[in-house]
Amino acid sequence: LVDPLPLIRSHVYHPRFAGSFSIKAVAPALLGKRASYSGLAVGDGQEAQAAYCEMFSLAPKSRRRRELKKALSAYCAQDTLLMAELVEWLWRAAGSRK
């Protein structure tokens with residue numbers, strides 16, 4: 001696995017990045033509106049850290065812990081999907097895949 005950040009930072013820029021190369025800025029600019037974290041209970045890294053810390057401060061079988069685990073899983077799934085889609089975007093932009 002390789003983080004595409006260095007490639008994007010060195011070779012790609014879009015005005016909608018607004019100076020940021022975070023996945024939250026890059027993905028919507030390159031992939032469109034579907035590359036959003038809106039509607040997720042956990043929508044950014046700070047919220048993910050807070051949810052993770054809270055989750056492990058709770059009783060193992062608590063309802064809130066299950067909710068946090070589900071929210072973190074959805075957030076991580078979105079991160080993973082968008083990272084894979086950004087790699088595919090890079091391949092297409094380089095003319096290597098159709």
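Author: Rings of Phe, Tyr and Trp (its six-membered ring) are paired if their centres lie within 6.5 Å, and a pair is stacked with planes under 30 degrees apart, edge-to-face over 60 and tilted for the rest. The model is predicted, with local features requiring pLDDT of at least 70 and side-chain atom pairs pLDDT 80 or more, while totals for chains, interfaces and linings use all residues. Residues are numbered from 1 along each chain as its sequence is written, and side-chain values rest on heavy atoms, without hydrogens or water.

The structure holds 5 aromatic pairs. In one of them, Y13 and F17, the ring centres are 5.2 Å apart and the planes stand at 75 degrees, so this pair is edge-to-face. The two partners sit in contrasting surroundings (buried is under 20% relative accessible area, exposed over 50%, partly exposed in between, with a 1.4 Å probe and protein chains only): F17 is buried, at 1%, whereas Y13 is partly exposed, at 49%. Together with F21, these residues form one aromatic cluster. Another ring, that of Y37, has K24 over its face at 4.4 Å from the ring centre, where a charge counts as over a ring if NZ of Lys or CZ of Arg is within 6 Å of the centre and within 35 degrees of the normal.

A pocket is an open set of 1 Å grid points where a 1.4 Å probe fits, with protein on both sides within 12 Å along at least five of seven lines, and its lining residues have an atom within 4 Å of a point; a volume is the space filled by probe spheres on the points. The largest share, 3 residues, comes from α4. By class, 8 of the lining residues are nonpolar, 1 is polar and 2 are charged, with Ala, Val, Leu, Ile, Met, Phe, Trp, Tyr, Cys and Pro taken as nonpolar, Asp, Glu, Lys and Arg as charged, and the others as polar.

The largest pocket has a volume of about 230 Å³. At least two residues of the lining come from each of α1 (5-11) and α4 (63-93), with α4 giving the most, 5 residues. The lining has 10 nonpolar, 2 polar and 1 charged residues.

Helix α4 also contains L68, a residue that is buried at 4% relative accessibility. The C-alpha atoms of L68 and A51 are 6.1 Å apart, although 17 residues separate the two along the chain.

As for the cysteines, there are 0 disulfides in the structure, a disulfide being a pair of cysteine sulfur atoms within 2.5 Å. The sulfur of C53 lies 14 Å from the closest cysteine sulfur, in C76, which is too far for a bond. C53 is exposed, at 54% relative accessible area, while C76 is partly exposed, at 43%.

Conventions:
Helices (H or I, at least four residues) and strands (E, at least two) are DSSP runs, numbered from the N terminus.
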